[in-house]
Amino acid sequence: MSTDLPPSDALNVLGGPLLACSYAPLTGWMRTGCCEADAQDVGRHHVCVKVTEAFLEFSRQRGNDLSTPRPEFRFAGLKPGDRWCLCALRWREAWEEGVAPPVVLAATHMAALEVIPFSALKRHAYEG
């Protein structure tokens, strides 16, 4: 499946169709590859990022180890360069601490703007 095709009618922070974030590793609250969420997602996994070592360490220090494999959850662990749907509040926290990972704007759900200023996302845009 191509990551260039919109998987739904959801919108991204640019106002266009929400594109997929990653199929390998498979990401998203609903594991669709897309940063969509339902009402059960209190973390708001709306921000598509390209993870960095600095962010992974920051997250580990905050009690969310994203790099250690968890086979019981079919989670291989993240490594720098992987794309992943992050909780909007965690990204904002990382941004405030100066360790925010780059954001894939076209794959970041419009709902992220409820907690993150667009200007911050745009300054951290991943262009790759």
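From the N terminus on, the elements of the chain run β-α-β-α-α. That comes to three helices and two strands. The radius of gyration is 13 Å, close to the 14 Å of the globule rule for 128 residues, so the chain is as compact as a globular protein of that length. The model is predicted.

**Overall dimensions and packing**

- Along the principal axes, the C-alpha atoms fill a box of roughly 35 × 30 × 30 Å.
- Of the 128 residues, 41% count as buried.
- Take the contacts in the chain with a separation of 6 or more: 60% of them come from residues 24 or more positions apart.

**Surface and charge**

- The chain has 13 positive and 15 negative charges.

**Aromatic pairs**

- A pair of aromatic rings is described by the distance of the centres and the angle of the planes.
- The structure holds three aromatic pairs. Among them are F75 with W84 and W91 with W95.

**The pair F75 and W84**

- The ring centres of F75 and W84 are 5.5 Å apart.
- Their planes stand at 55°, so this pair is tilted. The angle falls between the cut-offs of 30 degrees for stacked and 60 for edge-to-face.
- F75 has a relative accessibility of 14% and counts as buried, because the cut-off for buried is under 20%.
- W84 is buried too. Its relative accessible area is 7%.

**The pair W91 and W95**

- The ring centres of W91 and W95 are 6.2 Å apart.
- Their planes stand at 15°, so this pair is stacked. Stacked requires planes under 30 degrees apart.
- Both residues lie in helix α2, which covers residues 88–96.
- W91 and W95 are four residues apart, about one turn of the helix.
- W91 is buried, at 0% relative accessibility.
- W95 is partly exposed, with a relative accessible area of 23%. That value falls in the class between buried, under 20%, and exposed, over 50%.
- The stacked pair thus joins a buried residue, W91, to a partly exposed one, W95.

Note on methods. Residues are numbered from 1 along each chain as its sequence is written. This is a predicted model: local features need pLDDT of at least 70, side-chain atom pairs count only at pLDDT 80 or more; totals for chains, interfaces and linings use all residues. Side-chain values use heavy atoms; hydrogens and water are left out. The radius of gyration is taken over C-alpha atoms; the globule rule is 2.2 Å times the number of residues to the power 0.38. Buried means under 20% relative accessible area, exposed over 50%, partly exposed in between (1.4 Å probe, protein chains only). Contact means heavy atoms within 4.5 Å. Lys and Arg count as positive and Asp and Glu as negative; His and the chain ends are not counted. The place of a charge is taken as NZ of Lys, CZ of Arg, CG of Asp or CD of Glu. Rings of Phe, Tyr and Trp (its six-membered ring) pair if their centres lie within 6.5 Å; planes under 30 degrees apart count as stacked, over 60 as edge-to-face and the rest as tilted.
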